[in-house]
Amino acid sequence: MNALAQRIDQNIARVPDFPQTGIQYKDITTLFQNPELCDEILEVFAKFSAGKIDAVCGIESRGFLFGIMIAKKLNLPFVLIRKQGKLPPPTVAQSYALEYGTATIEVQPQYIEKGMRFLIHDDVLATGGTAEATAKLIQKCGGIPSQFSFIAELEFLNGKDKLLEFTPEIQSLVSY
Ligand code: AMP
């Protein structure tokens with residue numbers, strides 16, 4: 001782990017058995033108690049994406065936090081990816097499999113121009129199902145999933161494997 005990863009790790013709260021027994025929830029919102037560390041994180045994210053993308057999309061809801069800051073810092077548009085029924089029409093939807101059942105995410109397609117290169121940003125990469133569905137949704141609307149970035153990655157769940165079919169440009173600041 002590099003020095004920044006170590007400090008991020010020390011500033012992420014772990015919540016055992018949340019939201020289900022056996023899951024250790026990584027609460028990244030504790031990072032916002034440390035504004036200087038947030039600045040450093042933002043620098044690293046912005047450096048990764050500068051010149052390589054045309055817009056940022058953030059996945060509801062913790063993907064909005066750094067997602068919008070990255071977009072602002074790079075002076076690029078920000079697009080929200082939300083759970084079904086939250087965004088006003090017009091919307092385009094993408095469903096994906098969960099361990100039990102399915103989930104659906106939506107985007108407002110008027111913000112996605114043909115050939116627009118997107119950074120897809122979220123707080124934690126776990127199984128990769130949500131980020132993969134987001135990439136498919138962007139493609140469905142004519143955009144290009146060019147990069148993914150996350151604060152933390154749960155490597156043992158191999159979520160990255162699902163994303164490599166879209167791009168090798170995948171950044172996680174700390175891995176578990
Ligand atoms: P995924 O399994 O990669 O589709 O993850 C689904 C969503 O749940 C992502 O938006 C993650 O932010 C969140 N998530 C999954 N596992 C965890 C965890 N252990 N701690 C915090 N967030 C998680």
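Tutor: Two strands pair if DSSP finds at least two bridges between them. Strands (E, at least two residues) and helices (H or I, at least four) are DSSP runs, numbered from the N terminus. This is a predicted model, where local features need pLDDT of at least 70, side-chain atom pairs count only at pLDDT 80 or more, and totals for chains, interfaces and linings use all residues. Residues are numbered from 1 along each chain as its sequence is written, and side-chain values use heavy atoms, leaving out hydrogens and water.

Student: OK, which residue stands opposite Arg-117?

Tutor: That's Ile-144 in E8. Strand E8 (residues 144-153) runs parallel to E7, with 8 bridges in the pairing. E7 also pairs with strand E3 (residues 55-59), again in the parallel sense, over 4 bridges. There, Val-56 stands opposite Leu-119.

Student: How many residues of E7 are buried?

Tutor: Buried means under 20% relative accessible area, exposed over 50%, partly exposed in between (1.4 Å probe, protein chains only). In strand E7 (residues 117-125), 8 of the 9 residues are buried, so the strand is largely enclosed by the rest of the structure.

Student: And how do I read helix packing?

Tutor: Two packed helices are described by the angle between their axes and the distance between the axes. Axes are lines fitted to C-alpha atoms, for helices over the stretch in contact, with angles from 0 to 180 degrees between N-to-C directions. Here H2 (residues 35-49) and H3 (residues 63-73) pack at about 65 degrees, axes 10 Å apart. Contact means heavy atoms within 4.5 Å; among the residues making it are Phe-45 of H2 and Phe-66 of H3.
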